[in-house]
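I opened a notebook for a structure that is new to me. These entries record what I looked up, in order.

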Amino acid sequence: MDEKNKDLNVSALSGADLAYLGDAVLEVMVREHLVLKGHSKKEHLSELALKFVKASAQSAAFEKIEEALTEEELDVFKRGRNNYHTGNVPKSATPLEYRRATGFEALLGYLHLTGQSERLSELFKKAYEL
């Protein structure tokens with residue numbers, strides 16, 4: 001666990017809290033990936049980023065890593081997924097895609113908070129086939 005979070009009880013956080021943080025973690029990872037790949041026009045970057053961060057893309061990304069998850073990671077995913085609220089589904093996603101995306105974000109938030117940056121990077125690359 002990361003030194004700054006050594007006293008944090010991550011299991012006490014809700015799936016929604018983890019997903020909220022995970023959304024930001026994913027956004028930073030995607031932006032870093034795109035910039036390091038040499039993309040530089042802001043309009044183009046935003047368009048490319050959507051291919052990673054929209055709920056349907058996150059759902060598909062989760063499907064690519066599901067078999068590689070530990071039991072603990074799968075439990076965190078389920079905490080986020082089960083926190084799903086029907087009124088929040090974007091028009092571009094199905095309820096199932098949105099639930100999976102929320103679980104995926106919760107997993108990313110959890111890995112970030114627990115200082116598992118190598119695992120976070122590994123799953124990001126596998127999820128998006130980078």
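The entries below go from the whole chain to single residues.

**Ground rules.** I am reading a predicted model, in which local features need pLDDT of at least 70, side-chain atom pairs count only at pLDDT 80 or more, and totals for chains, interfaces and linings use all residues. Residues are numbered from 1 along each chain as its sequence is written, and side-chain values use heavy atoms, with hydrogens and water left out.

**Whole chain.** I looked up the secondary structure and found six helices and zero strands in the protein chain. Helices (H or I, at least four residues) and strands (E, at least two) are DSSP runs, numbered from the N terminus. The order from the N terminus is α-α-α-α-α-α. Of the 130 residues in the protein chain, 41% are buried. Buried means under 20% relative accessible area, exposed means over 50%, and partly exposed is in between, with a 1.4 Å probe and protein chains only. I also looked up contacts, meaning heavy atoms within 4.5 Å. Among contacts in the protein chain with a separation of 6 or more, 71% join residues 24 or more positions apart.

**Helix α5.** This helix covers residues 95-113, which is 19 residues. Its first and last C-alpha atoms are 27 Å apart, close to the 27 Å expected at 1.5 Å a residue. The expected span is 1.5 Å times one less than the number of residues. I counted burial next: 14 of the 19 residues of α5 are buried, so the helix is largely enclosed by the rest of the structure. Gly115 follows α5 and has a positive phi, near 70°.

**Helix α3.** I found α3 mostly covered, with eight of its eleven residues buried. Among the buried residues of α3 are Ala55, Ala57, Phe62 and Ile65. Leaving out residues up to four places away in sequence, Ser56 touches Ser92, Ala93 and Glu97.

**Aromatic pairs.** How many aromatic pairs does a search of the whole structure find? The search finds five. Rings of Phe, Tyr and Trp (its six-membered ring) pair if their centres lie within 6.5 Å; planes under 30 degrees apart count as stacked, over 60 as edge-to-face and the rest as tilted. The rings of Phe52 and Phe124 have centres 6.4 Å apart and planes at 20°, so I noted this pair as stacked. Phe52 is in helix α2 (residues 42-53) and Phe124 in helix α6 (residues 117-127), so the pair links distant parts of the chain, 72 residues apart. Phe52 and Phe124 are both buried. Phe52 also pairs with Tyr128, and this pair is tilted, at 4.9 Å centre to centre and 50° between the planes. Tyr128 lies in the segment after α6 and Phe52 in helix α2, so the pair ties together parts 76 residues apart in sequence. Tyr128 is buried, as is Phe52. I then saw that Phe52, Phe104, Phe124 and Tyr128 form one aromatic cluster.

**Largest pocket.** The largest pocket has a volume of about 360 Å³. On a 1 Å grid over the protein atoms alone, a pocket is an open set of points where a 1.4 Å probe fits, with protein on both sides within 12 Å along at least five of seven lines; lining residues have an atom within 4 Å of a point. The volume is the space filled by probe spheres set on the points. I listed 14 lining residues, of which Met29, Glu32, His33, Ser121 and Phe124 lie nearest the centre. The elements giving two or more residues to the lining are α1 (15-36) and α6. The most come from α1, with six residues. The lining divides into seven nonpolar, four polar and three charged residues. Ala, Val, Leu, Ile, Met, Phe, Trp, Tyr, Cys and Pro count as nonpolar, Asp, Glu, Lys and Arg as charged, and the others, Gly among them, as polar.

**Glu129.** I found Glu129 in the segment after α6. Its phi is positive, near 50°, in a residue other than glycine. Most residues other than glycine have a negative phi. Glu129 has a relative accessible area of 61% and is therefore exposed. Glu129 and Lys64 are 65 residues apart in sequence, and 8.5 Å apart in space, C-alpha to C-alpha.

**Asn83.** My last entry is in the loop between α4 (71-81) and α5, where Asn83 is found. Asn83 counts as partly exposed, because its relative accessibility is 22%. Not counting residues up to four places away in sequence, Asn83 touches Gly15 and Ala16.
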